[in-house]
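Here is a short briefing on how this protein is put together. It covers the domain interface and the ligand site.

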Amino acid sequence: MATIGFIGLGNMGLPMAKNLVKAGHEVLGFDASPDILHEAKLADIITCATAADAAAEAEALITMLPNGEILLSVMEEVLPVTPKGALLIDCSTVDVDSAKTFHSQAKAAGLGSIDAPVSGGIGGAEGGTLTFMIGGSETDCKRANPYLHIMGAKQVRCGEGSAGQAAKICNNMLLATTMIGVGEAFSLGKKLGLDPQALYDVMSTSSGSCWSINTYCPVPGVGPTSPADNDYKPGFASSLMIKDASLAQVAADSSGQATPMGSRALELYKEFAAQSDEDMDFSGIITWLETLNRG
Ligand code: NAD
């Protein structure tokens with residue numbers, strides 16, 4: 001069993017670290033919040049006073065942090081003390097440029113590294129059913145496999161360093177656009193007097209079918225159970241969708257690719273969150289779309 005450092009024990013990180021402990025690994029954890037450290041201690045995570053302490057003995061060091069800036073500031077602290085040859089596994093969702101810096105700094109420090117952002121949310125973190133989208137060398141991906149296997153159900157290697165982050169933001173940019181499209185279709189259907197169940201039966205089996213209809217239908221009482229059936233409690237909060245859609249636009253700017261639907265989707269999510277509630281599940285945008293009148 002390995003000694004694993006884990007930095008960032010928030011909504012996602014703590015249940016992921018708990019699963020590693022349950023599987024028999026020794027986990028040394030650090031979080032900036034003392035309350036969270038207290039909770040981690042109760043779950044048999046060995047809590048540390050600093051990020052450097054969590055890294056100093058680690059064979060693998062996992063990070064699950066809010067953004068790229070924080071990731072790189074934590075790296076500054078841990079890189080000098082992490083044992084040579086250890087593997088860094090960053091599971092945070094960060095911008096592609098920060099992910100590239102993370103990999104080059106790891107290499108310069110003699111460490112292996114993968115970026116492995118996740119989908120599956122808090123439920124997936126608790127149940128150990130996350131999907132990891134991975135960027136890094138084949139060797140490092142293989143080395144990470146036994147740990148990721150405990151925390152998740154699926155691993156997809158997307159390419160070399162930062163490819164995991166790139167895949168994650170492309171997927172979530174698409175999700176932002178499809179959820180708005182689905183919300184618009186149901187809103188128009190309602191104005192035209194259609195029964196939403198009949199419209200669901202058509203769209204979920206026709207050329208418009210997609211995950212936002214078939215798996216995560218934003219209309220209460222229609223389709224499989226989704227946050228719409230629980231007053232739009234997340235799920236995946238609109239604030240997180242705005243974060244990911246913004247990262248996609250940063251990547252679109254730096255790569256020079258036009259993404260007219262992706263940029264409009266981000267604007268709409270920002271308007272919705274400002275006028276409604278950024279803690280509402282992202283599928284709740286349908287409730288705001290229904291209030292809009294044609295100008
Ligand atoms: P969170 O805010 O609950 O957790 C982040 C943790 O990092 C917090 O506990 C915070 O105290 C800690 N932290 C901040 N700065 C730190 C520092 N310098 N040193 C140590 N700890 C520090 O966020 P989360 O929901 O757990 O998300 C974590 C990452 O996973 C994010 O990048 C997010 O985009 C991504 N993600 C989240 C979800 C989700 O459903 N919550 C789904 C997929 C991906």
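**Domain interface and ligand site**

Domain 1 and domain 2 bury about 750 Å² between them, with 68% of it on carbon and sulfur atoms. Buried area here is the accessible area (1.4 Å probe) that two parts lose on being put together, summed over both. On the domain 1 side, Thr93, Val96 and Met133 lose the most area to domain 2, together 50% of what that side buries.

This is a predicted model: local features need pLDDT of at least 70, side-chain atom pairs count only at pLDDT 80 or more, and totals for chains, interfaces and linings use all residues. Residues are numbered from 1 along each chain as its sequence is written, and side-chain values use heavy atoms, with hydrogens and water left out.

**Domains**
- Domain 1 spans 3–160 and domain 2 spans 166–289, with bounds from an automatic or database domain assignment.
- Their C-alpha centres lie 29 Å apart.

**Contacts across the interface**
- Eleven residues of domain 1 are in contact with nine of domain 2 (heavy atoms within 4.5 Å).
- Three residue pairs are in polar contact, both residues at pLDDT 80 or more.
- A polar contact is a pair of N or O atoms within 3.5 Å; within protein, one must be able to donate a hydrogen and the other to accept it, and residues adjacent in sequence count only if both atoms are side-chain atoms.

**Ligand**
- The ligand is surrounded by 23 residues (a heavy atom within 4 Å).
- The closest are Asn11, Met12, Asp31, Leu65 and Lys243.
- A polar side-chain atom of Asp31 lies 2.6 Å from a ligand oxygen atom.
- A polar backbone atom of Asn11 is 2.9 Å from an oxygen atom of the ligand.
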